[in-house]
Amino acid sequence: MKLSVSYNVFDGEELLEKSISTIRSYVDHVSVVWQKTSNFGNPCHPYLENLLKDLASKKLINQTLEFIPDCANPAYVNEVAKRNIGLEIAREAGCTHQMSMDTDEFYIGEQFENLKNIVNANGHDASYCEMLTYFKRPTYQVRPFNEYHVPLIYEVKPSAHYVAGHPSPVSVDPTRRMSLVENPLILTRDEMEMHHMSYVRRDIKSKIINSTSKSAFTDVSGFFEMFDEYNLGETFFTTHPPGSETTVEVDNIFGLSEL
């Protein structure tokens with residue numbers, strides 16, 4: 001296996017270096033497909049480009065490519081295009097497998113290595129795991145667990161590509177569904193989980209107003225007020241207030257700073 005990971009980046013860049021560090025020793029190639037302008041026409045943070053140059057100088061990133069979105073298209077169209085660019089970069093680098101990631105995704109190294117071994121041993125062309133979500137702080141983990149999955153390693157087949165809303169063996173982000181999947185691996189929580197710092201942000205407003213799924217947030221101003229005042233153990237809401245989710249305190253296993 002020659003594995004490429006491609007990051008889809010507009011904001012959340014404060015998490016990027018730590019995220020890459022969790023998987024860098026297990027992958028052969030890392031690319032970043034990034035935007036100066038969001039899919040809604042908003043500018044990125046001014047330090048993003050310099051950060052990417054710094055990460056490249058540290059050998060954490062092999063290749064970057066700026067993506068210019070067509071804001072006349074629905075946001076998901078641009079996002080799928082970015083993921084397919086990452087897939088094509090993997091092909092050009094001679095990689096046999098590829099994984100698309102966002103900046104807020106973290107993995108435990110031993111679990112990631114085990115995933116690669118299982119995929120290699122059994123010829124899986126796709127793999128998926130469930131996730132643990134974090135809210136506001138890297139030590140506030142959400143309960144109850146959701147049953148949503150994240151795609152992991154895909155085989156780079158000659159004509160395979162990401163297709164919005166393509167059928168998937170489990171529920172995953174519609175922009176991360178690969179065509180031509182025939183032998184998927186679905187991991188249990190005991191085998192592997194993705195630690196999703198979904199709502200751990202220096203700029204939570206940028207995340208929400210530029211999200212592909214922002215239309216699902218029915219009370220954006222209410223969410224921002226709730227987020228600012230939120231304390232451990234309280235219930236919270238994201239897309240559907242008032243919500244029944246809460247948080248428990250866990251160790252800061254990835255050493256993330258309090259944003």
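Tutor: Val30 is buried, at a relative accessible area of 0%; buried means under 20% relative accessible area, exposed over 50% and partly exposed in between, with a 1.4 Å probe and protein chains only. This is a predicted model, in which local features need pLDDT of at least 70 and side-chain atom pairs count only at pLDDT 80 or more, while totals for chains, interfaces and linings use all residues. Residues are numbered from 1 along each chain as its sequence is written, and side-chain values use heavy atoms, with hydrogens and water left out.

Student: Where is the place of Val30?

Tutor: Val30 lies in strand 2 (residues 29–34). Strands (E, at least two residues) and helices (H or I, at least four) are DSSP runs numbered from the N terminus.

Student: And which residues does Val30 touch?

Tutor: Leaving aside residues up to four places away in sequence, Val30 touches Val5, Tyr7, Ile20, Arg24, Leu60, Ile61, Asn62 and Gln63. Contact means heavy atoms within 4.5 Å.

Student: In what order do the strands form the open sheet?

Tutor: The order of the 5 strands is 3-2-1-4-9, with mixed pairing. Strand 3 (63–66) and strand 9 (154–155) are the edge strands, each pairing on one side only. Two strands pair if DSSP finds at least two bridges between them.

Student: In which sense do strand 2 and strand 3 pair, parallel or antiparallel?

Tutor: Strand 2 and strand 3 pair in the parallel sense, over 4 bridges. Val33 stands opposite Leu65 in strand 3.

Student: Turning to helix 1, which of its residues are buried?

Tutor: Leu16, Ser19, Ile20, Thr22 and Ile23 are the buried residues of helix 1. They are on the same side of helix 1 because they cover an arc of only 155° around the axis, the arc being that of the directions from the helix axis to the C-beta atoms.

Student: How many disulfides are there?

Tutor: The count comes to 0 disulfides, a disulfide being a pair of cysteine sulfur atoms within 2.5 Å. Cys129 is buried, with a relative accessible area of 0%.

Student: Which residues have the most contacts inside the largest nonpolar core?

Tutor: They are Tyr7, Met99, Tyr107 and Leu152, in a core of 34 residues. A second, separate core of 14 residues includes Phe135, Ile208, Phe223 and Met226. A nonpolar core is a set of buried Ala, Val, Leu, Ile, Met, Phe, Trp, Tyr and Cys residues joined through side-chain atoms within 4.5 Å.
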